[in-house]
Amino acid sequence: MSDDIVIRVKGLGKKYTIGGPQEKYHTIRDAIVNSVKAPFRRLTQQGTDQSRNEFWALKDVSFDVHKGEVIGIIGRNGAGKSTLLKILSRITTPTEGEVDIFGRVGSLLEVGTGFHPELTGRENIFLSGSILGMRKREIERKFDEIVKFSEIEKFIDTPVKRYSSGMYVRLAFAVAAHLEPEILLIDEVLAVGDAAFQKKCLGKMGDVAKEGRTVLFVSHNMGAITQICKRGIFLNSGNLLDIGEINAVVNKYILNSTLNSGQYWSTTEDPNKPLQVLEIYVIDANGKKSSLFDISDTIKIVIKHRCTKELIGAVVLVSIFSKGTELIHTFDSDAHADRLVKRQPGVYIDEIELPKRLFKAGIISISTTTAFIHKSTTIETNNDVISVLIDEIQEDTSFKGYAAIRSGLLSITPKWTNLNLNQI
Amino acid sequence: MTFSISSYNESQQGDTPVPTIVIRPPKKWVPINFSELWNYRELLYFFVWRDVKIRYKQTALGFAWAIIQPLFLMVVFTLFFGGLAKIPSEGIPYPLFSFAALIPWTLFAEGLTRSTTSMVSNANIMTKVYFPRLIMPISGILSPLVDFAIAFVILILMMVYFGFVPTIAIVILPAFILLAIMTSLAVGLWLSALNVKYRDFQYTIPFLIQLWLFASPVVYPSTLLPAQFRILYGLNPMAGVIEGFRWALLGTNPPEAMILVSVGVVILLLIGGLFYFKRMEQYFADVV
């Protein structure tokens with residue numbers, strides 16, 4: 001079992017001191033002044049409150065990576081994902097803990113590492129390739145492929161400073177995409193480029209993953225992560241909160257990062273908003289507030305909204321998202337046409353009943369918007385204010401088409417009627 | 001941290017595989033990994049190649065700049081030090097005397113300047129990719145060699161013009177060139193490591209080089225000093241380099257004991273510099 005571990009991380013921690021000596025460019029003058037001040041500092045403060053200046057970017061992180069695994073590292077901004085990759089790439093040293101790596105590592109922490117604007121595309125391919133870790137012979141061998149992938153054959157001998165940003169990114173990624181180490185560490189490099197190019201990069205990354213290379217991939221793009229990775233690591237404020245199968249970890253991340261995981265959301269009245277959503281909560285069939293449902297349960301969304309004066313053409317929109325895709329987009333006026341024609345002032349409490357067996361297991365998040373449809377102006381938007389976890393609790397879905405692990409966005413089982421059967 | 005590839009799926013009879021990369025918190029004394037440096041020799045080549053290529057990009061005069069600086073200095077020195085101040089030049093025409101010193105001097109000064117700022121000016125690469133950081137100051141001292149080679153050709157032409165034929169001592173010339181490079185590396189290691197944290201050091205460089213120029217036997221011969229001080233003069237390694245250079249090419253007095261002191265100083269500075277650099281290397285990416 002331990003034979004094919006390629007990365008072993010034990011108790012990893014990285015501490016930065018902020019507001020202290022590392023913060024600004026240190027000059028000798030500062031150093032001298034600091035050391036003169038030091039004895040006085042201790043007199044004026046109660047002890048040395050070092051803790052206020054310390055910041056643990058990572059604390060007590062431990063995990064193992066096996067050969068060929070493709071792992072997504074997710075978390076909010078500042079969670080420690082990039083710091084983790086930097087330590088694994090040997091760019092910065094840990095404050096505590098150990099890492100053992102078995103195999104060659106290639107790091108892609110930015111697009112265009114080492115590119116120099118005065119050099120041509122051709123020259124930069126060699127420079128960047130070498131900086132990333134490729135041998136000269138390797139670069140020569142792959143040169144034509146790289147140029148073809150980048151789609152800038154015509155400009156390969158122009159200085160890179162003349163390139164458009166799109167060309168620059170394409171060339172930079174083309175070089176990086178042809179890196180073939182045993183272990184690949186990638187940090188959100190796909191966040192650049194146009195949609196077509198991002199699709200190409202995703203495809204190439206998928207190929208790399210399938211080739212049996214070990215990949216650690218940091219990204220905010222949940223769609224890309226769930227598509228390419230099998231396992232996930234969820235970091236939050238420097239701590240490893242979860243590690244496991246990718247969908248489970250992604251769910252935990254989404255649950256953690258939405259404003260209010262389940263149950264109840266409310267806000268104060270704003271006199272500037274003629275139509276405003278004041279409260280939202282989710283209840284089950286018995287009227288009890290809940291944030292966990294089985295796929296066969298009835299889910300009801302209660303929404304309280306207020307209209308301050310007579311409005312024409314105003315709507316309350318409720319959107320329901322699953323894994324970044326909007327599945328339901330409904331106006332309150334779809335069911336109550338009179339509200340669209342002329343909405344009377346007052347406080348409304350509506351209940352939206354979602355059909356049973358509509359959503360597959362996973363997290364759905366609810367957003368609301370109020371707007372004037374005729375004028376296409378938005379009054380307010382509340383994004384991802386409530387999330388609800390739907391799980392396969394009561395039923396064993398191992399052999400069902402609507403199981404969570406299978407594809408498809410909805411778990412609706414349409415009516416299959418057998419029209420004919422010819423026995424043989 | 002070794003970089004050799006180990007096959008980790010080859011564990012026989014309960015052998016625990018040896019990791020290729022071991023990452024631990026910073027230590028006080030870090031050994032230099034020479035095999036790793038050797039593995040990264042191509043990267044060193046590419047850094048030097050890059051620095052040489054971009055140095056004269058989009059200039060009209062191009063590589064002519066490599067000789068303009070020492071040439072103009074020589075003219076000024078000849079006029080004022082040789083002509084007006086009448087400083088002795090050991091029987092050699094003053095232009096040749098000073099130019100022969102300016103060539104290795106420029107090699108040293110440029111190497112020192114470039115290696116000191118090498119880390120800071122490459123900060124963007126250092127925070128994104130791993131490579132042994134020693135590559136940076138080493139590339140700084142190697143790139144001026146191209147300028148040196150061009151200026152050397154001019155020196156040979158000057159020697160022909162003045163009718164000087166090099167003595168047999170010319171075979172030792174590479175040793176003095178090596179000493180010049182090692183001096184700039186030794187000092188460059190200290191300064192580049194210090195410069196990452198204390199940016200003062202890059203501002204001291206122009207000032208330091210000016211002082212050092214006059215503390216070295218460029219405009220005057222070391223014979224100007226009384227004999228008992230000449231060995232102490234060797235504490236300035238460039239004194240040994242320049243006198244040795246002139247001796248090998250033009251047949252002036254050999255540097256003798258001075259050179260031993262110079263070599264000793266360089267070795268001490270180099271070893272100290274390497275250890276200091278390796279220790280500070282662990283913090284560079286955080287501080288740069």
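Let's start where the two chains meet: in this predicted model, 34 residues of chain B are in contact with 40 residues of chain A. On the chain B side, the elements that contribute two or more residues are strand 1 (21-23), helix 2 (41-55) and helix 13 (284-287). Helix 2 of chain B supplies the largest share, six residues. Sorted by class, this side of chain B holds 18 nonpolar, six polar and 10 charged residues.

Strand 4 (residues 96-101) of chain A is joined to strand 1 of chain B by three bridges, and the two strands run antiparallel.

Now let's turn to a pair of helices within chain B. Helix 11 (residues 237-250) and helix 12 (residues 257-281) of chain B pack with their axes 8 Å apart, at an angle of about 130°. Because of that angle, helix 11 of chain B counts as oblique to helix 12 of chain B. The crossing of helix 11 of chain B past helix 12 of chain B is left-handed.

Which residues make this contact? From helix 11 of chain B come Pro237(B), Ala239(B), Gly240(B), Val241(B), Glu243(B) and Gly244(B), while helix 12 of chain B brings Met258(B), Ile259(B), Ser262(B), Val265(B) and Val266(B). In this contact between helix 11 and helix 12 of chain B, seven residues are nonpolar, three are polar and one is charged.

Note on methods. Residues are numbered from 1 along each chain as its sequence is written. Chains are lettered from A and ligands numbered from 1 in the order in which they are written. This is a predicted model: local features need pLDDT of at least 70, side-chain atom pairs count only at pLDDT 80 or more; totals for chains, interfaces and linings use all residues. Two residues are in contact if their C-beta atoms, placed from the backbone, lie within 7 Å. Helices (H or I, at least four residues) and strands (E, at least two) are DSSP runs, numbered from the N terminus. Ala, Val, Leu, Ile, Met, Phe, Trp, Tyr, Cys and Pro count as nonpolar, Asp, Glu, Lys and Arg as charged, and the others, Gly among them, as polar. Two strands pair if DSSP finds at least two bridges between them. Axes are lines fitted to C-alpha atoms, for helices over the stretch in contact, and angles run from 0 to 180 degrees between N-to-C directions. Angles under 35 degrees count as roughly parallel, over 145 as roughly antiparallel, 65 to 115 as roughly perpendicular and the rest as oblique. A crossing is left-handed if the near helix is turned anticlockwise from the far one by less than a right angle, and right-handed if clockwise.
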